[in-house]
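Subject: Structure handover

Hi,

Here is the structure you asked about. My notes follow below it.

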Amino acid sequence: MNIGDVAAQTGLPAKTIRYYEDIGLVTPQRSANGYRVFRESDAHKLAFLGRARALGFSIDDCRNLLMLWEDRSRASADVRAIAKEHLTEIETKIAGLEAMRDTLAELVRDCAGDNRPDCPILRGLEGVTKSS
């Protein structure tokens with residue numbers, strides 16, 4: 001399979017596939033003329049990596065998950081530990097985003113949005129609060 005074929009099969013852009021090759025996540029064979037030749041196993045790895053990246057796993061996590069995926073004697077606890085750590089990171093990001101949303105919603109609610117120059121949003125971004 002050439003890079004276009006594997007890209008179509010996995011849904012990954014050719015640029016991403018070349019990047020994964022550059023960092024050693026996949027190692028396609030080379031034909032006599034130097035073109036990449038992807039095996040079905042390479043396509044499976046790339047699809048695996050695509051799904052892992054879509055879930056937000058880092059490249060390092062993907063490298064570790066791929067090694068565990070290929071190791072049939074792995075302990076599922078090792079896989080779970082990586083996934084659990086990533087889930088904790090996602091939950092932390094969600095909490096941060098919810099706090100941002102709440103703060104911004106409060107600033108928008110407090111702004112009259114009229115022609116006056118007084119703007120609670122800009123004051124909030126300055127870190128200045130209303131004085132009573």
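Which residues does K45 touch, not counting residues up to four places away in sequence? They are L25, V26, L66, W69 and E70. Touching, or contact, means heavy atoms within 4.5 Å.

Before the rest, some ground rules. This is a predicted model, in which local features need pLDDT of at least 70 and side-chain atom pairs count only at pLDDT 80 or more, while totals for chains, interfaces and linings use all residues. Residues are numbered from 1 along each chain as its sequence is written, and side-chain values use heavy atoms, with hydrogens and water left out.

K45 sits in helix α3. Helices (H or I, at least four residues) and strands (E, at least two) are DSSP runs, numbered from the N terminus. K45 counts as buried because its relative accessible area is 19%. The cut-offs are under 20% for buried, over 50% for exposed, and partly exposed in between (1.4 Å probe, protein chains only).

G127 lies in the segment after α6 (120-126). Its relative accessible area is 58%, so G127 is exposed. G127 and D110 are 17 residues apart in sequence; C-alpha to C-alpha, they are 15 Å apart in space.

**The core**

The largest nonpolar core has 21 residues. Such a core is a set of buried Ala, Val, Leu, Ile, Met, Phe, Trp, Tyr and Cys residues joined through side-chain atoms within 4.5 Å. V6, I17, Y20, L46 and L49 have the most contacts inside it. At least two residues of this core come from each of α1 (3-10), α2 (14-22), α3 (40-54) and α4 (59-70).

Take L46. Leaving out residues up to four places away in sequence, L46 touches V6, T10, L12, I17, Y20, V26 and F38.

**Helix α2**

The buried residues of α2 are I17, Y20 and E21. They lie on the same side of α2 because they cover an arc of only 100 degrees around the axis. That arc is taken from the directions from the helix axis to the C-beta atoms. K15 and D22 are exposed on the other side of α2. The cover over the buried residues of α2 includes α1, β1 (29-30), β2 (36-37), α3 and α4. Just after α2, G24 takes a positive phi of about 85 degrees.

**Cysteines**

The structure holds 0 disulfides. A disulfide here is a pair of cysteine sulfur atoms within 2.5 Å. C111 is in none, and its nearest cysteine sulfur, that of C119, is 4.1 Å away.

Best wishes
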